[in-house]
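Subject: Structure handover

Dear colleague,

Here is the structure I promised to pass on. My notes on it follow below.

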Amino acid sequence: MATRRQIHLGAVPYGTGGPGSHTLWLDPDIPGDASVSIDWYTEIARLAERGRFDLLFVVDSQFITPHSPPHYLNRLEPLTLLSALAARTTHLGLVGTATTSFNSPFNLVRRLGSLDLISGGRAGWNVVTTGDAGTAGNYGLDEHYDYDTRYGRAQEFVELARALWDSYEDDAFVRDRETGVFLDRDRQHVLNHDGTYFRVRGPLNLVRSAQGHPVVFQAGDSDQGRDLGASVGEGIFTHAPDIPAGQAFYDDIKGRARTKFGRDPEHLKILPGIKVVVGDTDEEAREIEAFNNDRDHTFAAALAEFGRPFGWHDFTRYDLDAPFPAEALRYGERSFFTQAKAVTERAVENGWTLRQTVEATRYFRKSEFVGSPATVADKLVEWWEARACDGFNVGVDHPANFRRFVDEVVPILTERGVFRAEYDATTLRGHLGLPVPVNRHTTARATAAASV
């Protein structure tokens, strides 16, 4: 396990194009079926592994409309995909999104534990409470859970998951052919969980992996989301426009972890998502960035996806040049409410029309991570040294650009001593410098023996 602080890197493949990049699939370097192609994902994963990335992160959602981005319209289920990638990679961490709102704990915990074993301890779970309110209709519900229920379920779900992963102590399976003993039954533990949201007897019919438990990631930004991340998260996915914003988030989450939940803040890694563009010169990279922005995020696409934080409310039926319909905020109460509220408040404060509000969402904010390989490396190190983050989730949009990042930026980070020259661990916890959780029953047994 790495002991000194180093930059951590994740790769986030967008396939044929996610929010804000509806036309990404026009890039001839991207197959039209990239989002459902195991060969394409394998190529990206192996490229990330060549760059000694910590992890590959697969996002997910389970509700679409005709206006959803191409990558959302047709994409592989994360854990199925990552299980296939586990057999095609050797070191790369494999992190998948799975909701606590629309999954059965025992079933999901078993699938995540299976991925962890198949990959040799490289699995991670991005815990989400599901913001797309329309998802409820795909699971037989008339409406989505309210905020308190969503986050209450998530908290209990993660604690339950960790208890299930500890069903077997690490030495439970004796497998002694001479005595005929396969299992030490004293080291198998029934859970009998009876909580606010879930009842699960257990035990889980699965041993722990080399890293103990899959690494838990979280990405909520509301106050409840931040508390969830600070209490159970080991990795935090976020977004920050600049170093001061990154530092504020970093200090808040790690401060909550330490003071509110009694955790070691070093056992929680913060990885903001970034958009990188690499060019031969800074000027060329900025030209590429501007071209990609103009092509990837048209006004029509921005209007079509504008309703997502508002529960996919249809804003195309409004007069674009009338005042922004602030009453639409009610549709976001059980969706991405924090984002919907921020958009609404900004529109009202500025007296914007709907057209102006949509335009503001596609406002071309230049990324800080654009330039020559040396410029990009400088900026990554600057953020990391300022403790605005512990590393970065690098968006994999245009494949040629990601190849340049791997082949030209990563070597500079290695030369500067802030990024690994070779993998020095085989598990995701090892890459991130996180401890292996001790089995709770083993701890209890040792405590009881010491008190005798």
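Two residues are said to be in contact when heavy atoms of theirs lie within 4.5 Å. The notes below rely on that cut-off. Please keep in mind that this is a predicted model.

Helix α3 covers residues 78-86, and its buried residues are Pro78, Leu79, Leu81, Leu82, Leu85 and Ala86. Around the axis they take up an arc of only 155°, so they sit on the same side of α3. An α-helix has 3.6 residues a turn, so residues three or four places apart point the same way. The buried residues of α3 pack against α1, β2 (55-58), β3 (93-99) and α4 (105-118).

The crossing in which α3 passes α4 is left-handed. On the α3 side the contact is made by Leu79, Leu82, Ser83 and Ala86, and on the α4 side by Leu108, Arg111, Leu112, Leu115 and Ile118. Sorted by class, the contact of α3 with α4 has seven nonpolar residues, one polar and one charged.

Helix α4 against α5

How far apart are the axes of α4 and α5, and at what angle do they pack? The axes of α4 and helix α5 (residues 147-165) are 10 Å apart, and the angle is about 55°. That makes α4 oblique to α5. The crossing of α4 and α5 is right-handed. From α4 the contact draws on Pro105, Phe106, Leu108, Val109, Leu112 and Gly113, and from α5 on Phe157, Leu160, Ala161, Leu164 and Trp165. By class, the contact of α4 with α5 has 10 nonpolar residues, one polar and no charged ones. Leu108 and Leu112 of α4 are named in the contact with α3 and also in the contact with α5.

Helix α1 against α13

Helix α1 (residues 38-50) and helix α13 (residues 399-415) have axes that come within 9 Å and cross at roughly 20°. α1 and α13 are therefore roughly parallel to each other. α1 passes α13 in a left-handed crossing. Glu43, Ile44, Leu47, Ala48 and Arg50 of α1 make this contact with Phe402, Arg403, Val406 and Asp407 of α13. By class, the contact of α1 with α13 has five nonpolar residues, no polar ones and four charged ones.

Further along α13 is Ile412. Ile412 has a relative accessible area of 16%, so it is buried. Leaving out residues up to four places away in sequence, Ile412 touches Pro373, Ala374 and Ala377. Ile412 and Ala448 are 36 residues apart along the chain, and their C-alpha atoms are separated by 52 Å.

Two other positions

His71 lies in helix α2 (residues 70-73). Its relative accessibility is 3%, so His71 counts as buried. Apart from neighbours within four places in sequence, His71 is in contact with Pro13, Tyr14, Gly15, Thr16, Gly17, Gly18, Ser35 and Tyr41.

Gly351 is in the loop between α10 (337-350) and α11 (354-361). Its relative accessibility is 56%, so Gly351 counts as exposed.

Backbone points to check by eye

Most residues other than glycine have a negative phi, and most peptide bonds are trans. The following positions depart from that pattern.

- Arg175, in strand β5 (residues 173-176), has a positive phi of about 50° although it is not a glycine. At 52% relative accessibility, Arg175 counts as exposed.
- Trp312, in the loop between α9 (299-305) and α10, has a positive phi near 60°. Trp312 has a relative accessible area of 12% and is therefore buried.
- The peptide bond from Gly202 to Pro203 is cis, with omega near 0°. Pro203 lies in the loop between β8 (199-200) and β9 (215-218).

Regards

Methods
Residues are numbered from 1 along each chain as its sequence is written. This is a predicted model: local features need pLDDT of at least 70, side-chain atom pairs count only at pLDDT 80 or more; totals for chains, interfaces and linings use all residues. Side-chain values use heavy atoms; hydrogens and water are left out. Axes are lines fitted to C-alpha atoms, for helices over the stretch in contact, and angles run from 0 to 180 degrees between N-to-C directions. Helices (H or I, at least four residues) and strands (E, at least two) are DSSP runs, numbered from the N terminus. Angles under 35 degrees count as roughly parallel, over 145 as roughly antiparallel, 65 to 115 as roughly perpendicular and the rest as oblique. A crossing is left-handed if the near helix is turned anticlockwise from the far one by less than a right angle, and right-handed if clockwise. Ala, Val, Leu, Ile, Met, Phe, Trp, Tyr, Cys and Pro count as nonpolar, Asp, Glu, Lys and Arg as charged, and the others, Gly among them, as polar. Buried means under 20% relative accessible area, exposed over 50%, partly exposed in between (1.4 Å probe, protein chains only). The arc is that of the directions from the helix axis to the C-beta atoms.
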